[in-house]
Amino acid sequence: DDLIAFAPWCEPWFREEIGSPYWQRCSIAARRDGVRVPALSIGGWHDTFLDGTLRNYAADSNPRSRLVVGPWGHDDWLTHLVGDRNLGVAGSGDAFGLFDRELEFFSAAVAGEDPPMAPVSAYMLGARRWLELDAWPPPGAEAVSMPIPGASFAHDPASLPPSLGGRIL
């Protein structure tokens, strides 16, 4: 109720069933076939909406569309600092030249030309550097499952531990 009071536009998110006409109207995938312009999809490894960003890019059939995935959360700072982690200054939007790349992308899109950037630019967290790729997922990438053995723990919902990472909004 606090969220709805703060952002009343999100109320249908909690009321509507998955697959309802509301969600069908909201679905970008349902309208994708009518889109003829290239899209620039930008997300971050720590962005709570990254799965959707990657799915949208994968479903985009326009060869001029581009994907950028940085070390960012879901914010407008696009810094190399996420929480108390320094993910390498090369990962900041400024160091990457993201603003200039956005302008170059949109200029090329308006002119009907190929954007002057790789189809995919992804920041490699451990190496603290950018990769330029022809596709996402990269060729040869494999899904890895890392099962965690069963465990239990006591918790008090009124006294949760602080978050030390994960995707943020």
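Modeller: What follows starts with the salt bridges and then moves to the patch, the cores and the hairpin. The model is predicted, and it holds 3 salt bridges.

Begin with R15. The closest N and O atoms of R15 and E11 are 2.5 Å apart, and the two residues form a salt bridge. Both sit in helix α2, and because they are 4 residues apart there, about one helical turn separates them. R15 has a relative accessible area of 47%, so it is classed as partly exposed. E11 is also partly exposed, at 27%. R15 has another partner in E16, with an N to O distance of 3.1 Å. E16 is partly exposed too, since its relative accessibility is 24%.

The remaining pair to describe is R64 and D114, whose side chains meet in a salt bridge at 2.9 Å, N to O. R64 lies in the loop between α5 (50–59) and β2, while D114 lies in the loop between α7 and β5, so this pair ties together parts that are 50 residues apart in sequence. As for the bridges that share partners, they join E11, R15 and E16 into one network. In general, side chains of opposite charge can pair when their charged atoms come close.

Helix α2 also has a nonpolar side to its story. A nonpolar patch on the surface is formed by L3, F6, W9, W13 and F14, which together have about 690 Å² of accessible area. Helices α1 (2–6) and α2 (11–15) each supply at least two residues of that patch. F14 is found in helix α2, and its relative accessible area of 55% is over the 50% cut-off, so F14 counts as exposed.

R64 is among the residues touched by F105, along with P38, A39, L40, R66, P115 and M117, leaving out residues up to four places away in sequence. F105 belongs to the largest nonpolar core, which has 10 residues in all: L40, V68, W72, L78, F96, L98, F105, M117, Y123 and W130. Strand β2 (66–73) and helix α7 (98–111) each supply at least two residues of this core. A second, separate core has 8 residues, including Y57, L67, V69 and A122.

H80 is placed in the loop between β2 and β3 (81–82). H80 counts as buried because its relative accessibility of 16% is under the 20% cut-off. Leaving out residues up to four places away in sequence, H80 touches R85, N86, L87, G88, V89, G91 and S92.

Methods: Residues numbered from 1 in each chain as written. Predicted model: local features only at pLDDT ≥ 70, side-chain atom pairs only at ≥ 80, totals over all residues. Heavy atoms only, no water. Patch = residues over 30% accessible without salt bridge, like charges linked within 9 Å, V, L, I, M, F, W, Y side chains within 5 Å. Areas by Shrake-Rupley, 256 points an atom, 1.4 Å probe, with all protein chains shown as cover. Salt bridge = Lys/Arg side-chain N within 4 Å of Asp/Glu carboxyl O. Buried < 20%, exposed > 50% of the residue type's maximum accessible area, 1.4 Å probe, protein only. Core = buried A, V, L, I, M, F, W, Y, C linked by side-chain atoms within 4.5 Å. Contact = heavy atoms within 4.5 Å.
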